[in-house]
Amino acid sequence: MTRLTRNNLDRWVEALLAERIRVVGPVMQAGQPVYAPISRPSALDFSSVIPRNSIKDFLFPQTETVMLYTIRKTGVEVTDAKPAGGEFPDTVILGARPCDAAGMTSLRAVFTWQGEEDPLFLERLARTTVVTLACVRGDACCFCTSVGLAPDAPAGSDLLLRETVDGNFSVEAVTDKGTHLLARWAQYFEEGAETLRPVIPPPVIERSNVEKMLGWLSDPANYSHEVWSEHAAQCLGCGACTYVCPTCHCFDLTDEGTAYQGDRRKNWDACQFDHFAAHASGHNPRALQSQRWRNRFMCKFHFYPTKFSAAGCVGCGRCIRVCYVGLDIAEMMEKVSACADRQVPDA
Amino acid sequence: MAKWEPKIVAFVCNWCTYAGADLAGVTRTQYRPNVRIVRVPCTGRVDAQFIIKAFESGADGVLVSGCHPGDCHYISGNLHAKRRWIFFKGLTDFLGIEPERIQYAWVSASEANKWARMVDAVTETVRGLGPFTRYHALRQAASEQNGTTMIWSEAWLPGIPDGVPLPEEAAFVPLLREKARELLERGEVKVVIGYGWARRQRRVVPVFITKPDDVARLVFNPLCVNNLAVYLPRKQQDVAKMGKPAIVAKGCDIKTIVVLLQEEQIARDGVVILGVSCSGVVYRQELWQGKLAPDLLSPKCAGCDVKTPHVADCIIGEPAPSAPEPPGPSEAQRQIEALDRKSPAERWEFWKDHFERCIKCYACSQVCPLCYCDRCITEKNNPQWVETSAHPQGNFSWNVVRAIHLAGRCTYCGECDRACPVNIPLNLLNRKLGMVSEESFGYRSGYDEKAHPPMVVFHPDDKENFIR
């Protein structure tokens, strides 16, 4: 078994930083755990259950310039935007949680859908290595076990670390990229036996069943089911859930500048905003907040699996933690599963 | 490099100042060529956003000028404008924009000379201040920004940890449930908007009771901090579709309802207000430790004068014993006064640092019961008044709009502060404008549903000391 001691981890981070590789990991900022670029290994803090933001911030940033335009009498000049420093940074995300890593697989499915590639995302992804740290515990909002993942699920990771009882890490290469990383920095890794820390997986949400939900959600008759308005009337449409979600990927393109010169920017958008789906004609197919909430739920448990063949919800629970009015997606999973049970008569 | 010349944008009304400037031209009166004139029908048309846009476009100073009071072609447009300027000046001073950069004046069609001398004076004042690099740096920072750095606020784990005892319900809760049952059974209302326990988490959430048998879900305790008035305006169509509501409201929530009534967003007979006596609520539920300690209290509770509701269809619970007024100014007032004592440059830095963190989630506007526009200015993109990117320039513009749109209306429920994921002290701006409203117009919002909000009326004697 390959292992990495905590000491060697620090030396490895120093070596990465010395090579001008951007290292992103969980740190404490203003008393809050967040994923952020670090400048020294001692900043890393793996003690939190889950950081506030998801690692999508580093692959699909909230705002980025995609091109620059200049309008002259002779025509329109368009140039590709260059990231700060000329190129995207080589990045190691160290200590990502497995749910976050899995979310990046889902984002990749969206940004490569039917051959329509998003070069900005893919370039960032190609330059990023995800070193995941498996969880040993969850909190009251975690529910990865209810969506087919686990505290040590390898999906989306290049390397998977597990905590050992003596404060070190066991290392498992998941992808070729991970193997290459191990080989490139072999001096910090060693072979040896380790005892892993016991894992307490978050409890599976009772009565929730992703397959059953998919069947029920596929039936257009259930679009206007009363469960939606019953559950989501309290939603204020603030969109916080989409901003912290590892798999929410909607964005808007906007031109900023003067009539003659400016940037075209790609900014996060949210299906919870009331004009998100509005048509130019003035018609809004999702005029009610409960319909917008339904859309988000269906995106996670119907559109993602059927259209992108990927997990829409990775069970990180951030949307529950940030919700201002206490909307709980897990509660809705129970309710929808119950609706599915009622619809299909028992055999 | 060419010598720097100040760029001044002048918004002038068609009927007086534009004619005055024209007369200056006709009579060949010479004045500085630094001014770019934008003609508007009336100074009443000059939105605060125009001034922000001018700075975004590279202006170093802005001049707004129209007819003298009493001379308005539209009778009172300039008097409305005057009120708006009093608020806007209060805001821009508080944000640290040097007062000399935005100047206001009355210039009539015959005052060619006044116009010329004023443009000279404004140009030289701005020249003395130098280029408005502080503002223009926002654009520079904007073009370099790709991605954001988030610093999140404390609100995170939504539930109260297991083992911490939950608060006791208020003694009047059975009465509240009884009243709710009565209203629903008699069909007087179709839904009761109130507080109830979440089903999976240990926290209080808004609940919508539509069946008399469900009234047992209603609770009231110190965790009931949310301002439920947000569910009353038409924007919340899901709730509107349920039918006539009754709402469980604390005195502070009723202040918001009063503004909604004033602004005709709801009719007085369109809602049953179940006013509840309140002796304080927590700011963040997840910090509950078993009792209502002073440091857990919401800032809105400081100096509360509506512990017993002031406008209601029925008041439930004993009138709260009138609490002694806290000695001295509240924490928010102290912060505002401390900021007021600083220099414009220091205030600018203070707000710039805060606004830089803004991630443009617009949660502040979504949770605000008084932000009910069907289409927010941020959604208008032809032209794009507020840049949607989360970068310093767009953030500054957004925060100015939000504050000015709530001027004289905000009742300081503080939901914007609580919702802000990056901890911007948004309510300080609203409170500052509330102080302007009180000082200039003697108006406090949220008390009298018959009164007119300060931005929709004017008085010929409105006092100011900054219009040339």
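This is a predicted model: local features need pLDDT of at least 70, side-chain atom pairs count only at pLDDT 80 or more; totals for chains, interfaces and linings use all residues.
1. Helices (H or I, at least four residues) and strands (E, at least two) are DSSP runs, numbered from the N terminus.

2. Val173(B), Leu176(B), Ala180(B), Leu183(B) and Leu184(B) are the buried residues of H6(B). They lie on the same side of H6(B), because they cover an arc of only 95 degrees around the axis; the arc is that of the directions from the helix axis to the C-beta atoms. Pro174(B), Leu175(B) and Glu185(B), on the other side, are exposed. Buried means under 20% relative accessible area and exposed over 50%, with partly exposed in between (1.4 Å probe, protein chains only).

3. Chain B also holds an open sheet of four strands, in the order S2-S1-S3-S4, with parallel pairing. Its edge strands, S2 (35-40) and S4 (102-106), each pair on one side only. Two strands pair if DSSP finds at least two bridges between them.

4. Five bridges join S1 (residues 8-13) of chain B to S3 (residues 61-66) of chain B. Phe11(B) has Val64(B) as its bridge partner in S3(B).

5. Residues are numbered from 1 along each chain as its sequence is written, and chains are lettered from A in the order in which they are written. Local features need pLDDT of at least 70, and side-chain values use heavy atoms, without hydrogens and water.
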